[in-house]
Amino acid sequence: MGKQMIFDGHNDALMRLWKHQGDPVAHFETDAGHINATACRAGGMGGGFFAIYCPASRMPHTGSTEVNAVELEPLDDPLDQGWALQAAMGQAGIALQLAAAGQIEIVTRPDQLGQAFMGDAVACVLHLEGAECIDADLLALDVLYGVGLRSLGPVWSRNNIFGHGVPFAHFRDPDLGPGLTEDGKRLAKRCGELGIMLDTSHITLKGFEDIADMGQPVVATHSNAWSLCPSSRNLTDAQLQVIAQSGGIAGLNFAPPFLSDEGWKTGRVGLEACIRHLEYMIERLGEDHVALGSDFDGARMPDGIASAADLPVLVKAMEDAGFGAEVIAKICCENWLAFLGRHLEKGA
């Protein structure tokens, strides 16, 4: 059997490149960071969601998060919309430069998806992680759509004019604040009109329910099972049921704090934690609704995964755990490709 191809639900490579402040095309070709052209070729990563994420500063990014030992972290302060727009435009510009150089292909239509995924460039679905850069009139949303944006999470783990982010907490469920604001409901409605997918990762339970009430497939691009790791960032059994019943999808987050209690305390886990979550998510969602959402370049990784080049190690762990070839292919790429094929058709 040849190398298993991967379509991943979440990475922060654009933020890493924006913070680097060098030549993004040259930097993306090297072995720096979790996601780069060399690592993607080595690991069989043919595509993924590339996040535009607006940090509080442009200090150089280390590629890892701090170890969280406290039970509940306070929410980050809200961002100024002007600063966030600057950061978002910078990262969108980097995506365009990478596309012009043939390193990625920004996918906006279903007929592009399969060809891009199997091509030399990395297929890229542009995603906005937290809508701080968007104004109340939603004008910036249309600009980002024009650049190629096809996926959006209304909030990161902080509040903005559109909704309330879930704080990073352990031994807490996601019911830690209000949901979408009236502006947030207008944003969600406009995303539906444009064909921009809504992502429920990082949002409160009430925000999740607000999005679910829209009647569209519910997606969590990079969230795990709360019953196995009681982090506020993870999905309760009830949320997993909503995702399954709506025909949505959930992507396994590789970050140790969301995989186990030990991972929350120490920042270290083995790949067996990933397998436990995959098994549980398949049991609750069904094999057609589980995928990968690594959080590459935005979080620490489990032992054995230093970059996208090591994705075959995770595939081998699935094989060793008794996952069949058909299920592995669904988790690694087929579920995301099938879902996106339907989603992108709506916005074509």
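User: In this predicted model, is Ser 307 buried or exposed?

Analyst: Ser 307 sits in the loop that runs between strand 9 (290–292) and helix 12 (311–320). The cut-off for burial is a relative accessible area under 20%. Ser 307 has 11% relative accessibility, so the residue counts as buried.

User: Which residues is Ser 307 in contact with, leaving aside its neighbours within four places in sequence?

Analyst: Contact requires heavy atoms within 4.5 Å. With those sequence neighbours set aside, the contacts of Ser 307 are Gly 33, His 34, Ala 39 and Phe 296.

User: How many disulfides does a search of the whole structure find?

Analyst: A disulfide needs two cysteine sulfur atoms within 2.5 Å. For Cys 40, the nearest cysteine sulfur belongs to Cys 124 and is 11 Å away. For Cys 133, the nearest is that of Cys 54, 4.8 Å away, and Cys 133 is in no disulfide. Over the whole structure the number found is zero.

User: Is Cys 133 buried or exposed?

Analyst: Burial is set at under 20% relative accessible area. Cys 133 has 0% relative accessibility and therefore counts as buried.

User: What is the volume of the largest cavity?

Analyst: Searching the whole structure gives one cavity of 30 Å³ or more. Its lining includes Val 166, His 202, Arg 233 and Gln 239. The volume of the largest cavity is about 60 Å³.

User: How many charged residues are in the lining of the largest cavity?

Analyst: Arg counts as charged, and Arg 233 is among the lining residues. By class, the lining has four nonpolar and seven polar residues, and the charged residues number one.

Technical notes: Residues numbered from 1 in each chain as written. Predicted model: local features only at pLDDT ≥ 70, side-chain atom pairs only at ≥ 80, totals over all residues. Heavy atoms only, no water. 1 Å grid on protein atoms, 1.4 Å probe; cavity = no way out; pocket = protein on both sides within 12 Å on 5 of 7 lines; lining within 4 Å. Points joined across faces, edges and corners; volume = space filled by probe spheres on them. Buried < 20%, exposed > 50% of the residue type's maximum accessible area, 1.4 Å probe, protein only. Helix = DSSP H or I, 4+ residues; strand = E, 2+ residues; numbered from the N terminus.
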